[in-house]
Amino acid sequence: MIRFILGVEMRSMINYMKTLSDAKKVVYGLLAAVIALFILPSVVSVLSLKILGAGEEGLGGFMLLLSLAAVLLLTLLAVNSIIKEMFMDRNIQLYLTFPVSPAALFAAKFIRQWLINTALIMGALGIITGVLFSMREGQWLLTVTHIFYFLLLSIVAMSLAYGLVFAVTKVLPANKVSEVLSFLGGISFVLVYGVLLVGGSSVQDISGSLPDASFLYSGFLYNFNPAGGLAGIVVSAALAAVLVILLRSFVVHAFKSGWVGEQSVKRRNRDASADAASPVRTLVQKDMRMTLRDFKEWAVLLPQYLLPGVMIFIMYTNPAAIEGGGSMHDERMIAVSVAGTIVISLFAGAYNTARDAAHFEFLKIMPVKPADLVKAKYLFNIMTITPVYLLAAVVAWMLLPVSTAAFLYSSLFIILVSLAVIPAGMFAGSMQPVVSRKNPAKRLDTATNVILSVIMGVLLIAAGFISVSFARGDGGLDHSLIAIVLSVLAVSAGASMLFLRAVRKRYEKGFNIIYKD
């Protein structure tokens, strides 16, 4: 029965490949070329440098780091395939209408997913590391032990992917889980090359901070001896078999008991009835659900949310920053808080407001005042911007040599700047919002995008000048100037209500919407 299902899956895959359009064939060909010409040589190069050039005391930490990174990346890459096969394609129910046992169905599905998603990649990684360690020690049996070890890791990655998928589907519907985990999978694919380019130089430092794992790998993956190699192979095979058996019991139980729990549906019904009391609260919840519904929107604003981290990296890794005194860290912290909050408040405020253009006709017929629409949008922007940046400030304060006074000042700047700038972003987003069928995430017109991008570039350049302006001649913070700037921002936050009034008028008259595609 398992062989029969695998035959059906193989024929289905072949038929899918035959029906691919020329454009998709070109895309897949380019992707294969990128992997063969760039990613694979980069992996071999980085591993060669680390394995052949590392001292014996660092091999355990390096192998542990490599194992953790490989399992994490492949787990994220595998979840989207599992979602599609187990939930979205609906072929599980079709198979179960035939005299097919759930155990046989799981075995066939698991073999296919394991081979495509993790086994091929982990097997290739095992061959590469095995050959390199064999060249290092002159013992070619290390290639066999590395293949067994990395195939065990491929089983671990698949088990974690299945567990993640089935755990999250108890909270969210399957299509939402697919969006979330596809987004994470896309990030993990980018991380593969990012780790190779950026992390290659710091692998030694990271692996040195990990626990000593030589007791796990010595004799098995390096410093080979027959007893250690045989014991490692037997333990790897046994652990893989145990994981497969446990996963089989878990998934077969899921086949028989149903995919998604009912508690999430009941909870959403209770939340909907509770939210009906306040129009503003209902509108805020609407925006929040629209954001959680499509995680592709997160990718649009993600660079702006991560901008403070980039600015901190640039400002703290250049030679002038390293040589600066302790107060310079405080000034840079405040400068990053001001510049980063301005950027995200403008972009997110404009983007979230322009989103209403897609369903503006529906909003017009709703028994809701335009003032409530604007108030709800303003509150939603504050809820999704200010707490995130305050949390980032807490993390920076814990990790960087920043004083408590600078942290408190930064928190005040984040709150006041967001209150003052978000209305300006909403005003920009309501000018000429875009509605595109082919690219629904594109919501701002070209002119607005250009203006906001120029502002972001100017702020990146001006961040250094902002930090210098808050410094006193003796090297401390200029508390008087900071108090004046905070007072001006507080007045600006009140004056920004004029932007909200202009946005309310646009909601009353109607948006000047640009339709594309």
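**Close-up views of a predicted helical model**

View 1. The model is a predicted one, in which local features need pLDDT of at least 70 and side-chain atom pairs count only at pLDDT 80 or more, whereas totals for chains, interfaces and linings use all residues. Residues are numbered from 1 along each chain as its sequence is written, and side-chain values use heavy atoms, with hydrogens and water left out. Met13 belongs to helix H1, residues 2-18, helices being DSSP runs of H or I with at least four residues and strands being E runs of at least two, numbered from the N terminus. When neighbours within four places in sequence are set aside, Met13 is in contact with Arg112 and Ile116, a contact meaning heavy atoms within 4.5 Å.

**View 2. The kink in helix H5.** Helix H5 (residues 102-137) has a kink of about 50° centred on Leu115, the bend at a residue being the angle between axes fitted to the seven residues ending there and the seven starting there. After H5 comes Gly138, which has a positive phi near 70°.

**View 3. The course of helix H2.** The 32 residues of helix H2 (residues 22-53) should span 46 Å at 1.5 Å a residue, and the end C-alpha atoms are 45 Å apart, in agreement with that expectation, which is calculated as 1.5 Å times one less than the number of residues. A bend of about 35° occurs in H2 at Ile35.

View 4. Ser67 is part of helix H3, residues 59-88, and counts as buried because its relative accessibility is 5%. Its side chain reaches the backbone oxygen of Met63 at 2.7 Å. Not counting residues up to four places away in sequence, Ser67 touches Tyr149, Leu153 and Tyr217.

**View 5. The salt bridge between Asp356 and Lys377.** The side chains of Asp356 and Lys377 meet in a salt bridge at 3.1 Å, N to O, a salt bridge being a side-chain nitrogen of Lys or Arg within 4 Å of a carboxyl oxygen of Asp or Glu. This pair links distant parts of the chain, 21 residues apart, with Asp356 in the loop between helix H15 (326-354) and helix H16 (360-365) and Lys377 in helix H17 (residues 370-399). Both Asp356 and Lys377 are buried.

**View 6. The salt bridge between Glu508 and Arg504.** Glu508 forms a salt bridge with Arg504, with the closest N and O atoms 3.5 Å apart. Glu508 and Arg504 are separated by about one helical turn, because they lie 4 residues apart in helix H21 (residues 497-509). Glu508 is partly exposed at a relative accessible area of 48%, and Arg504 is likewise partly exposed, at 30%.

**View 7. The protein as a setting for the close-ups.** The protein contains 21 helices and 2 strands, and buried residues make up 44% of its 517 residues. Among contacts with a separation of 6 or more, 83% are between residues 24 or more positions apart.

Terms used
Buried means under 20% relative accessible area, exposed over 50%, partly exposed in between (1.4 Å probe, protein chains only). A polar contact is a pair of N or O atoms within 3.5 Å; within protein, one must be able to donate a hydrogen and the other to accept it, and residues adjacent in sequence count only if both atoms are side-chain atoms.
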